Amino acid sequence: MSVETRAGRSPAIPPGRGAEVRRRDRPAGGFELWSWLFMRVSGVALLGLAVGHVLIMHVLDEGVSRVNFEFVQLRWESPFWRTWDWALLVLALLHGINGLRVTVQDYVRWPGARFALNVLFALTGFLLFVLGTVIVFTFDPNAWPRTS
Amino acid sequence: MDDGNGLGDVLEASDRRAAGAGGRVTLTLRIRRYNPETRGQESWWDEFTIESEPDDRLLDALHHVKWYLDGTLALRRSCAHGICGSDAMMINGRNALACKVIVRDVAPRVTVEPIRGLPVLKDLIVDMEPFFAGYRSVLPYLINDSGEPEKERLQSPEERHRYDDTTKCILCAACTTSCPIFWGDEEYVGPAAIVNAHRFVYDSRDEGGRRRLEILAEKNGVFRCRTTFNCTDACPRGIEVTKAIQDVKRSILFDRF
C-alpha cells in the first residue's frame, strides 16, 4: 500500500538535511562532493594559519627585520610550530592546486590542454610538498653552517 | 502598433485601452542580429527608433519592429504574459522576458541580444537543445514505484511548502544562460535543471530523490556552482535559484549522516 509506505517515510524531518530522501541506497556524492567540502574546511583553517603566519613573520615585534636563521631555529624547536608550518604548507598546496583544477575545468575547453595543465599543476604541487615536508621534518640547525 | 489594420491581436488592443492615452515615448532599440544564411557567421547590430506607449512591454516594441519595420527580425514568443518562457533575451545586459519588461523602464534606449551560452540560430533565437538536455538528465518527473494509490497521493501543506518555490519554473533558460559556468562549459547541467530536480527531490510523493542526488553529485552537477547569484537575479519568476542549488548541495553532503 502506497499510503503506508509514504506515511512510514515522511515523518516531520527538519528541512534541508536531505532526510526526506530515502536511505535504502548508497549515499550520493563522490570526489566532487569531498573536493567541495575540503575547499570550505581548508579555507577556514587556512584563514587562521595564514593570518597567524603573516602576523608572526611580518607584523609582531619588529616584523620581518628580526627574521633570520636564529629566529627560525628557535621557533622550530617546538613541534607545535613545525606542525603549524607543515599544516599551512599542505593545506595551501592542496587548496591551491584544487582551485587551479576547478579553474581549468571552468575555462579550458580542449581536453588535452585540461589534462596537461592538471598534470603540470599536480606535479608542481607534489614537488613543493616533498621539498617542504623534507625541510619541516628533517631540519637540524647543527647541520647548517652558522650565518651570524 | 495601430490595430486598425487588423494586424494586432485582441490582447494588445485591450492592454492599450487600459494604459490610457498617456504621452508616447521615443524608444531606440539596438538589436543584435545574426543570419548565417544571408550574412555569414558574423553578427551585427541594427538600430530601430519607434514611438511607443510608455506602458507597452518591450515585446510590443519588438513586435512593432518586426511587423512594420523589418520583417526579417526573428524572435520567439508565445503567450506574451510571462508564463510560457519563450521570450527570454538579454536586455541591457541582463536576462529577462521581453514580455515582462516595460518600455518606460528602458526608454529612451535599449539593447537586446540573444541569451548567452547557447548556439544562436537566427537573431534572438537560440538552439535550446543543450539546455533541455541538462533538464532531462535530472529526471524531472514523478518517480514512485509504490504502486497506484486508490485516490490522490496526499500531502500536507508543510510537505507541499518544502518545494513550493521551485514549482514556479517556466523553463525560459534565463537563469542557465546567465551562469558564467554554463557559458564556459555547457556540459554543466545548469541552474534550471537543478531547480527542476529540487522540485522533485523534496516532494514527499516522489521516490527518485536519491537517483537525482547521485546525478547532481557528479562532475557536471551542483558542485560546479560558484554561487555568483546571476541565476537568482535573472529568474523572471523570482525563484531563489542559488538557494535551491545550496539545498541540493547540503542534501548530498548530509545524506550520509
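This report describes helices, salt bridges, cysteines, cavities and a surface patch in a predicted model.

Because the model is predicted, local features need pLDDT of at least 70 and side-chain atom pairs count only at pLDDT 80 or more, while totals for chains, interfaces and linings use all residues. Residues are numbered from 1 along each chain as its sequence is written, chains are lettered from A and ligands numbered from 1 in the order in which they are written, and side-chain values use heavy atoms, with hydrogens and water left out.

**Chain A and its surface patch**

Chain A has 5 helices and 0 strands, and its elements run α-α-α-α-α from the N terminus on. Helices (H or I, at least four residues) and strands (E, at least two) are DSSP runs, numbered from the N terminus. Of the 148 residues in chain A, 32% count as buried. Here buried means under 20% relative accessible area, exposed over 50%, and partly exposed in between (1.4 Å probe, protein chains only).

Leu47(A), Val51(A), Val54(A), Leu55(A), Val59(A) and Leu60(A) make a nonpolar surface patch of about 510 Å². Such patches consist of residues with over 30% relative accessible area and no salt bridge, where nonpolar side chains (Val, Leu, Ile, Met, Phe, Trp, Tyr) are joined within 5 Å and like charges within 9 Å. Areas come from the Shrake-Rupley method with a 1.4 Å probe, and for residues only the protein chains shown count as cover. Leu60(A) lies in the loop between helix H2 (31-59) and helix H3 (69-75) of chain A; its relative accessibility of 45% makes this residue partly exposed.

**Salt bridges**

Over all chains, the search finds 24 salt bridges, each defined as a side-chain nitrogen of Lys or Arg within 4 Å of a carboxyl oxygen of Asp or Glu. Three of them are listed here.

| Arg66(A) | Asp61(A) | 4.0 Å |

Arg75(A) is buried at 11%, and Asp85(A) is buried at 12%. In chain B, Arg212(B) and Asp206(B) are both buried. Salt bridges with shared partners also join Asp106(A), Arg114(A), Asp185(B), Arg224(B) and Arg226(B) into one network.

Cys169(B) is in no disulfide either, the nearest cysteine sulfur being that of Cys175(B), 6.2 Å away. Cys84(B) is partly exposed at 30% relative accessibility, and Cys169(B) is partly exposed at 21%.

**Cavities**

The structure holds 3 cavities of 30 Å³ or more. A cavity is a set of points on a 1 Å grid over the protein atoms alone where a 1.4 Å probe fits but cannot get out, and lining residues have an atom within 4 Å of a point. The largest cavity contains about 100 Å³ of space. Its lining has 14 residues, of which Cys179(B), Cys225(B), Thr228(B), Cys231(B) and Ile245(B) are the closest to its centre. Helix H7 (180-184), helix H10 (230-234) and helix H11 (241-254) of chain B are the elements that give two or more residues to this lining.

Terms used
Disulfide = S-S within 2.5 Å. 1 Å grid on protein atoms, 1.4 Å probe; cavity = no way out; pocket = protein on both sides within 12 Å on 5 of 7 lines; lining within 4 Å. Points joined across faces, edges and corners; volume = space filled by probe spheres on them.
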